[in-house]
Amino acid sequence: MDAVFGPQFFRNEITWKRKAGRGETNNAAIRFGVSSDSILFFAKSKSSHFNRQYRPNSEGYIVSKFTHKDENGRIYTLDNITSPSFRPNLVYEYKGYAPPKNGWAVSPTRMAEMDVQGRLYLPADKSKRIRRKRYLDELEGETVDSLWDDISPINSQAQERLGYPTQKPEALLERILKASSNEGDLVLDPFCGCGTTVQVAQRLNRRWIGIDITHLAIGLIKKRLSDAFGPEIKPTYEVVGEPTDYEGAAALAAEDKYQFQWWALGQVGARPAEQKKGADRGIDGRLYFHDDESGQSKQIIFSVKAGGVSVPQVRDLIGVLSREKAEIGVFLSFDEPTKPMLREAAESGLYKSTDGTTYPRLQILTIQQILDGKQPEYPLHRRDATFKKAPRSRPAAAENLSLPLLPPE
């Protein structure tokens with residue numbers, strides 16, 4: 001950060017207290033438990049914009065401080081109106097009230113304006129001091145400082161939890177973006193993971209660029225945006241670096257078969273079965289669906305082949321379906337299936353949905369078919385059961401669907 005921005009543009013080290021209680025226990029014998037993360041705040045220049053942030057005052061503070069009510073029923077507290085340091089030009093008498101030692105905090109003109117507005121408390125005993133009225137309904141809240149202990153981490157029951165290991169709460173990114181940008185500004189997240197920054201930037205009417213090296217992350221972000229803002233969000237952004245034709249898919253497969261698998265699975269809405277490189281037991285991905293109102297998830301098994309599919313592989317996948325108790329199996333391959341492979345797949349039978357519709361139990365899709373828009377056949381009722389669905393964004397975000405994005409340089 002010093003190298004990119006320069007140490008002179010360091011603003012704050014912010015501590016986000018993300019855990020309460022005992023913290024970690026694994027190394028409790030040798031160190032204190034870790035219950036916080038550090039956020040480093042750098043600016044681009046001395047003139048970089050900063051929006052002060054506020055959080056709600058505690059109920060105890062409000063109850064103990066705001067104890068007065070005016071003739072209109074507005075609740076207020078009394079506050080000091082004296083200068084913290086000596087200001088000779090502010091040492092003046094007002095309506096018979098002697099000035100404090102350091103003088104008032106405001107000029108005579110401003111004092112008179114506040115009096116007319118009913119914002120001064122003038123005690124009957126003029127030996128006592130004038131005080132300022134601060135109304136509860138105008139209270140912005142407590143100023144946010146460098147200790148953020150009011151934003152909870154994402155727990156196992158959180159509605160926004162998507163299962164991504166480093167996912168941050170939207171409230172955390174919302175505070176960061178509101179403090180450092182305004183509507184229409186450009187937000188860059190060069191390690192965007194599951195896309196929390198991207199989603200929050202979209203909701204807050206910011207333009208955005210998100211970068212990640214894995215097609216797994218890109219697929220997750222695309223689905224997250226559709227869940228949060230609806231399918232109409234898709235034409236408003238561009239994915240750079242993703243295969244868009246057969247040659248691009250082939251190049252990705254030759255370069256990194258795991259990235260190819262994640263990309264291919266993302267095209268059909270499936271979740272990778274193994275995020276670590278290793279044995280997959282014949283399963284590269286899974287997709288879950290519901291075809292009735294019971295809420296019971298049913299499973300589609302995917303096998304991705306960088307080349308073609310052979311008859312023995314079709315038989316093997318049929319065995320995997322039986323072992324996993326899956327309803328449907330799908331091969332994703334480069335080459336067109338041969339007639340013997342199609343015959344073997346057809347002989348595996350059909351899956352019958354609760355509404356009586358039947359679907360091939362074993363399906364073979366080519367990469368070209370996927371690029372042309374073809375998808376696996378399965379019941380469409382509540383078909384979003386594969387990934388934890390991102391909650392629909394708040395209504396105000398719908399106005400942001402046509403924000404222009406900067407073209408890549």
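Ala, Val, Leu, Ile, Met, Phe, Trp, Tyr, Cys and Pro count here as nonpolar, Asp, Glu, Lys and Arg as charged, and the others, Gly among them, as polar. The legends below describe a predicted model, in which local features need pLDDT of at least 70 and side-chain atom pairs count only at pLDDT 80 or more, while totals for chains, interfaces and linings use all residues. Residues are numbered from 1 along each chain as its sequence is written, and side-chain values use heavy atoms, with hydrogens and water left out.

**View 1. The largest pocket and its lining.**
The largest pocket has a volume of about 1700 Å³, a volume being the space filled by probe spheres set on grid points that are joined across faces, edges and corners. On a 1 Å grid over the protein atoms alone, a pocket is an open set of points where a 1.4 Å probe fits, with protein on both sides within 12 Å along at least five of seven lines, and its lining residues have an atom within 4 Å of a point. The lining comprises 49 residues, and Leu40, Ile176, Leu177, Ser180 and Leu188 lie nearest the centre of the pocket. Two or more lining residues come from each of α1 (2-5), β1 (10-17), β2 (36-42), α4 (170-180), β10 (186-189) and α5, where helices (H or I, at least four residues) and strands (E, at least two) are DSSP runs, numbered from the N terminus. The largest share, 7 residues, is given by α4. Sorted by class, the lining holds 26 nonpolar, 15 polar and 8 charged residues.

**View 2. The packing of α5 and α6.**

**View 3. The packing of α9 and α10, with glycine 319.**
Helix α9 (residues 311-324) and helix α10 (residues 339-346) have axes that come within 9 Å and cross at roughly 15°, and the two helices are therefore roughly parallel to each other. The crossing in which α9 passes α10 is right-handed. Glycine 319, a residue of helix α9, has its C-alpha 9.5 Å from that of glycine 282, at a separation of 37 residues in sequence.

**View 4. Two residues with positive phi, lysine 95 and asparagine 205.**
Lysine 95 has a phi near 55°, a positive value in a residue other than glycine, and belongs to the loop between β5 (75-79) and α3 (108-116). With a relative accessible area of 49%, lysine 95 is partly exposed, the class between buried (under 20%) and exposed (over 50%), computed with a 1.4 Å probe on protein chains only. Asparagine 205, also not a glycine, has a positive phi of about 65° and sits in the loop between α5 (196-203) and β11 (207-210). Its relative accessible area of 16% makes asparagine 205 buried.

**View 5. Valine 4 in helix α1.**

Note on methods: Axes are lines fitted to C-alpha atoms, for helices over the stretch in contact, and angles run from 0 to 180 degrees between N-to-C directions. Angles under 35 degrees count as roughly parallel, over 145 as roughly antiparallel, 65 to 115 as roughly perpendicular and the rest as oblique. A crossing is left-handed if the near helix is turned anticlockwise from the far one by less than a right angle, and right-handed if clockwise.
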